[in-house]
Amino acid sequence: MNKLLTILLLSFGFGAIINVPDNYSTIQGGIDAASEGDTVLVAAGTYSPSTNSEVFPIEMASGIHLIGSGEDVSIIDAQQTDRVITMEDCDNNTISDLTLTGGLADSYGGGMRLSNSNPILTNVTISNNTANWGGGMHLSNSDPTLTHVTISNNQALQGGGMRVVSSDPILTNVTISNNTASESGGMRLFNSNPILTHVTISNNTAEYYGGGMRLSNSNPILTNVTIANNTANNGGGGMYLNSSNPSLTNSIIWGNSPESIYIGSGTPLITYSDIEGGWEGEGNIDNDPLFNENYTLQVGSPCIDTGTMILGAEY
């Protein structure tokens, strides 16, 4: 697997390849030895304080690419010693094919903390991390691109899966599920306008205000997004809005408790979507979407072929 990755990385013009553990025993050692444009290639295995004396948090540097051998086999486990990865003022980074787990931060981002950083994350799982704010990820003034990323089973006081502050990330084919928080189980947005496409936000739990999402002064664009079976004990099972105007198209909000959308203030624009309890807007319906267990649609679902085509969108 590593030989194939090396060939691919070289063919795409990446710099030198630094292999962990062959060249350096720790991931941080590989990053520290790398120059801008180099790739730290992580072999299959678990990298943790107890297995290879990895010290956390791992500090990324600009221009360094961190590539695993597959998210099921390359595991970075902080073992509750600290956050897994910190990125501050980082540019031109790719992180892929890894699982980030076991992070514990008494501040921001148990799995990852991004500040003024815009990495590309592909085929990454961020699971079983804990922080005060942003159990899985915390973004501040950062615009990362996430594709085929799973953020699950994280916990926080606020933003169990993600806490996003003054940031405009792009999420495509992302799953945010089974996260818990006192406030906002799945995603917490402040002054942010992310773009979500083919994203599933499901089975997240909050004690109050937004089981799936809570938005403050934020206007995200959601296309082909499913927000399902999230729970907040006090308002906004699916979404909770404060001074926010999200746009939803070809999306489903279903099975959330106590309601689909709670509006403190703001005006969502929702079209061609299936909203439990109904919602005014062109093409909207209020019918059981007939989910499979993984939130794909069963044959005969009323949501099939009832959306609208969007120029340039992937289907």
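Predicted model: local features only at pLDDT ≥ 70, side-chain atom pairs only at ≥ 80, totals over all residues.
Visitor: What radius of gyration does the chain have, against that of a compact globule?

Guide: The radius is taken over C-alpha atoms, and the globule rule is 2.2 Å times the number of residues to the power 0.38. For 315 residues the rule gives a value near 20 Å, and the chain agrees with 20 Å. Along the principal axes, the C-alpha atoms fill a box of roughly 60 × 40 × 30 Å.

Visitor: Which contacts join residues at least 24 apart?

Guide: Contact means heavy atoms within 4.5 Å. Of the contacts between residues at least 6 apart in sequence, 70% join residues at least 24 apart.

Visitor: What is the order of strands in the open sheet of 9 strands?

Guide: Two strands pair if DSSP finds at least two bridges between them. The order is S4-S7-S10-S13-S16-S19-S22-S26-S29, with parallel pairing. Strand S4 (58–59) and strand S29 (261–263) each have a single partner strand, so one side of each is left without a neighbour in the sheet. At the S4 end, 2 bridges join S4 to strand S7 (residues 85–88), and Glu-59 has Thr-86 in S7 as its bridge partner.

Visitor: Which residues of strand S22 are buried?

Guide: Buried means under 20% relative accessible area, exposed over 50%, and partly exposed in between (1.4 Å probe, protein chains only). Strand S22 (residues 213–216) is covered on both faces: Met-213 and Leu-215 are buried on one side, Arg-214 and Ser-216 on the other. S22 is joined in parallel by 4 bridges to strand S19 (residues 187–190) and by 4 bridges to strand S26 (residues 239–242). Met-213 is the bridge partner of Met-187, and Met-239 in S26 is the bridge partner of Met-213.

Visitor: Which strands are at the edges of the open sheet of 6 strands?

Guide: That sheet has the order S9-S12-S15-S18-S21-S25, with parallel pairing. Its edge strands are S9 (104–108) and S25 (231–232), each pairing on one side only. Inside this order, strand S18 (residues 180–183) and strand S21 (residues 205–208) pair over 3 bridges, with Tyr-208 as the partner of Glu-183.

Visitor: Where does Thr-145 stand relative to S17?

Guide: Thr-145 stands opposite Ile-170 in S17, and Ile-120 stands opposite Thr-145 in S14. Strand S14 (residues 145–152) pairs in the parallel sense with strand S11 (residues 120–127) over 7 bridges, and 7 bridges also join S14 to strand S17 (residues 170–177).

Visitor: Is Thr-223 buried or exposed?

Guide: Thr-223, in strand S23 (residues 221–223), is buried because its relative accessible area is 11%. Leaving aside neighbours within four places in sequence, the contacts of Thr-223 include Leu-196, His-198, Ser-251 and Ile-310.

Visitor: How many of the 315 residues count as buried, as a percentage?

Guide: The figure for the chain is 55%.

Terms used: Residues numbered from 1 in each chain as written. Heavy atoms only, no water.
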